[in-house]
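Let's take a walk through a protein chain and look at the spaces inside it. Keep the 3D view open as you read.

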Amino acid sequence: MTLTAGPRTPTAVHEELVARHSAHNYHPLPVVVAEAEGAWVTDVEGRRYLDFLAGYSALNFGHRHPALVAAAHRQLDRVTLTSRAFGNDQLGPFCAELAELVGKQMVLPMNTGAEAVESGLKVARKWGYERKGVPVDRARIVVMDGGFHGRTTTIVGFSTDPVARTGFGPFTPGFDVVPYGDAAAVAEAITPDTVAVLLEPIQGEAGVLVPPAGYLAAVREVCDAAGVLMVADEVQSGLGRTGHVLATHAAGVDADVYLLGKALGGGILPVSAVVADEAVLGVLAPGQHGSTFGGNPLACAVGRAVVRLLADGEVLRAARENGALLHARLRELTGLPGRSGVVAVRGTGLWAGIDVDPRLATGRQVCEELAARGVLAKDTHGSTIRFSPPLVVTPAEIGAACDALAAVLTDLGRV
Ligand code: PLP
């Protein structure tokens, strides 16, 4: 007797292909997206979901924002790639406009966030040798426990997450890890060979950890006193996520170097950048660093449109207003033991880390149940989930997602 399997769903067909032919370095929710617009995605079976992850902030302006898609289309019809062997007419304006938005003089264009971080580390070391006089090959950089900066070998080498590190050594030396949120620990870790302090102004992957008030200002003072660069990785926190262009600026602090990525590509293509003054980025000479794709005209045209959206201010104002609404709604879910299941909510702007009672469910389970109710979010570290909707989300959509979370937790509490 032969058993005949029933017809497979389109989702199952896609998942099987991915399981067979794509490296197993992700464990995605069982949702296969076919189309998207604004804060919404549609899967291969026609189901619609509110996207409350927004590509880990790569989709800050939502899916296929009309101004960004139009900029990409215009550039697609002109020239898309030149390499940096030649100039292109988008590179200069992009660098000038982004530098002005951030309040610095120069931009080093790259592609992914990890590349921006790697480039920032190289620049900081070179600055240390050439401008600070650190003896050759002795440069050290202070980094934070729980930080996330990407997946390259140097970066995972100073990660404190065993899953990210294990099996990938030997690692690049020269990093000193200190607890996040403790400026005194930064001061203690600095030696005469220290060239930079690298931090996220809010730790995203760690669960949207907001440091104590005054922390960034205190680190700024420590860096000034020791003559080391303060390098802010704003790949996830920057470009509108907190309702401000930069989370560091929102705290009243100006870092020496900003690392940007994700939203800089408008949700269309990878675009990242190191942004700093000439005194820092000026250490690079031809041949010492580069990227075939970095600064390509398509990336620059989209990046310019992103800068225009942020400079206009409207999207930031909406993010601040709707962020306050999101946090007010989430706070209603905390502090109701036995009813709510939410232990703590952190974050700012349209960015929230939500700790669920681990006795109730894992973050993964909550995200699966949320997806079943039409809301996409992502867990991190056990029982924490993250809400980071596109900045174009409406108050009604925020209400719907929070209602779905409340319903999921109520149902889980009944089990
Ligand atoms: N830096 C931070 C703060 C991030 O959150 C991320 C990605 O999540 C990265 C760097 C790496 O970016 P990418 O995945 O584009 O390499």
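Start with an opening in the surface, the second largest pocket: α4 (91-102) and β4 (106-110) each give at least two residues to its lining. Which element gives the largest share of that lining? It's β4, with five residues. The space in this pocket comes to about 410 Å³. In total, 18 residues line the second largest pocket, and the ones closest to its centre are R84, L108, P109, L284 and H289. Sorted by class, the lining of this pocket has 11 nonpolar residues, six polar ones and one charged one.

Before going further, keep in mind that this is a predicted model.

**The whole chain**

Zoom out for a moment. If you boxed up the C-alpha atoms along the principal axes, you'd need a box of roughly 75 × 55 × 55 Å.

How many cavities of 30 Å³ or more does the structure hold? There is one. About 40 Å³ of space lies in this largest cavity. Its lining is made up of G147, F148, H149, G150, I155, V156, F158, S159 and A164. Five of the lining residues of the largest cavity are nonpolar and four are polar, with no charged residues.

**Around the ligand**

Now find the ligand. The residues around it are T112, G113, A114, F148, H149, G150, E200, D233, V235, Q236 and K262. By class, the shell around the ligand has three nonpolar, five polar and three charged residues.

| Residue | Part of the residue | Ligand atom | Distance |
|---|---|---|---|
| A114 | polar backbone atom | oxygen | 2.8 Å |
| D233 | N or O atom in the side chain | nitrogen | 2.7 Å |
| Q236 | polar side-chain atom | oxygen | 2.7 Å |

How much of the ligand does the protein cover? On its own, the ligand has 390 Å² of accessible area, and the protein covers 81% of that.

Time for some backbone geometry. Most residues other than glycine have a negative phi, and most peptide bonds are trans. With that in mind, look at K262, which is one of the residues around the ligand. The phi of K262 is near 40°, a positive value in a residue other than glycine. You'll find K262 in the loop between β9 (257-260) and β10 (272-276).

Next, where is P170? It sits in the loop between α7 (162-165) and β6 (175-178). The peptide bond that joins G169 and P170 is cis, with omega at about 0°.

Key: Residues numbered from 1 in each chain as written. Predicted model: local features only at pLDDT ≥ 70, side-chain atom pairs only at ≥ 80, totals over all residues. Heavy atoms only, no water. 1 Å grid on protein atoms, 1.4 Å probe; cavity = no way out; pocket = protein on both sides within 12 Å on 5 of 7 lines; lining within 4 Å. Points joined across faces, edges and corners; volume = space filled by probe spheres on them. Helix = DSSP H or I, 4+ residues; strand = E, 2+ residues; numbered from the N terminus. Nonpolar A, V, L, I, M, F, W, Y, C, P; charged D, E, K, R; others polar. Near = heavy atom within 4 Å. Polar contact = N/O pair within 3.5 Å; in protein donor to acceptor, adjacent residues only side chain to side chain. Areas by Shrake-Rupley, 256 points an atom, 1.4 Å probe, with all protein chains shown as cover.
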